[in-house]
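Dear colleague,

I am passing on the structure below, together with some notes on what turned up when I went through it. Please read the notes with the structure open beside them.

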Amino acid sequence: MGENNITERMEEKGVKPTSNRILIMKTLIKEARPMSLSDIEETLPTMDKSSIFRVLSLFLKNDIVHSFEDGRGIINYELCTQKGICNNSEAHIHFYCKLCHKSFCMKDIPMHDIELPQGFIPHSASFVIKGLCPECAGR
Ligand SMILES: [Zn+2]
Ligand SMILES: [Zn+2]
Ligand SMILES: [Zn+2]
């Protein structure tokens, strides 16, 4: 995704593109995997943690990113793949590696519709499988 696409994507979601916001979105695109606040902080040492957190909170509110808890209970952020308002249909299973602490998206594993008993209204769901990633398992 080029710079123009980034600003376009943000505007579609109702967020004004500022330099910090563009930088954080670029980082998430470049890493191409879910990142925690401290992962992003390490990648962008020039930005302070509270600024990063503010941008991520805004991104969450406007469906630019989605969040889930990894195998440690730490919030990870990943880019929403839908344009404009998101209906969360791209929810998928995550795999957490206990050794390198990375989260991986298992987007190709189908997740069947989960039917909840009457009266329960889901807002988010988190499915995390813990174990070793191929790289760590091969060590
Ligand atoms: Zn989405
Ligand atoms: Zn690993
Ligand atoms: Zn994911």
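His92 is buried, and so is His94, where buried stands for under 20% relative accessible area, exposed for over 50% and partly exposed for what lies in between (1.4 Å probe, protein chains only). Please bear in mind that this is a predicted model, in which local features need pLDDT of at least 70, side-chain atom pairs count only at pLDDT 80 or more, and totals for chains, interfaces and linings use all residues. Residues are numbered from 1 along each chain as its sequence is written, chains are lettered from A and ligands numbered from 1 in the order in which they are written, and side-chain values use heavy atoms, with hydrogens and water left out.

Cys100 lies in the loop between strand E4 (93-97) and E5, whereas Cys136 belongs to helix H5 (residues 134-137), so the pair ties together parts that are 36 residues apart in sequence; helices (H or I, at least four residues) and strands (E, at least two) are DSSP runs, numbered from the N terminus. Cys100 counts as partly exposed at 24% relative accessibility, and Cys136 as buried at 5%.

Phe104 lies in strand E5 (residues 103-106) and, at 26% relative accessibility, counts as partly exposed. Not counting residues up to four places away in sequence, Phe104 touches Ile93, His94, Phe95, Cys97 and Cys133, contact being defined as heavy atoms within 4.5 Å.

Leu28, found in helix H2 (residues 19-31), is buried at 4% relative accessibility. Leaving aside neighbours within four places in sequence, Leu28 is in contact with Arg33, Met35, Ile40, Val65, Tyr77 and Leu79.

**Salt bridges**

A search of the whole structure finds two salt bridges, each being a side-chain nitrogen of Lys or Arg within 4 Å of a carboxyl oxygen of Asp or Glu. In one of them, the side chains of Lys49 and Glu41 meet at 3.6 Å, N to O; Lys49 is partly exposed, with a relative accessible area of 40%, and Glu41 is partly exposed at 28%. Arg72 and Asp70 also meet through their side chains, at 2.9 Å, N to O, and here Arg72 is partly exposed with a relative accessible area of 37%, while Asp70 is buried with 5%.
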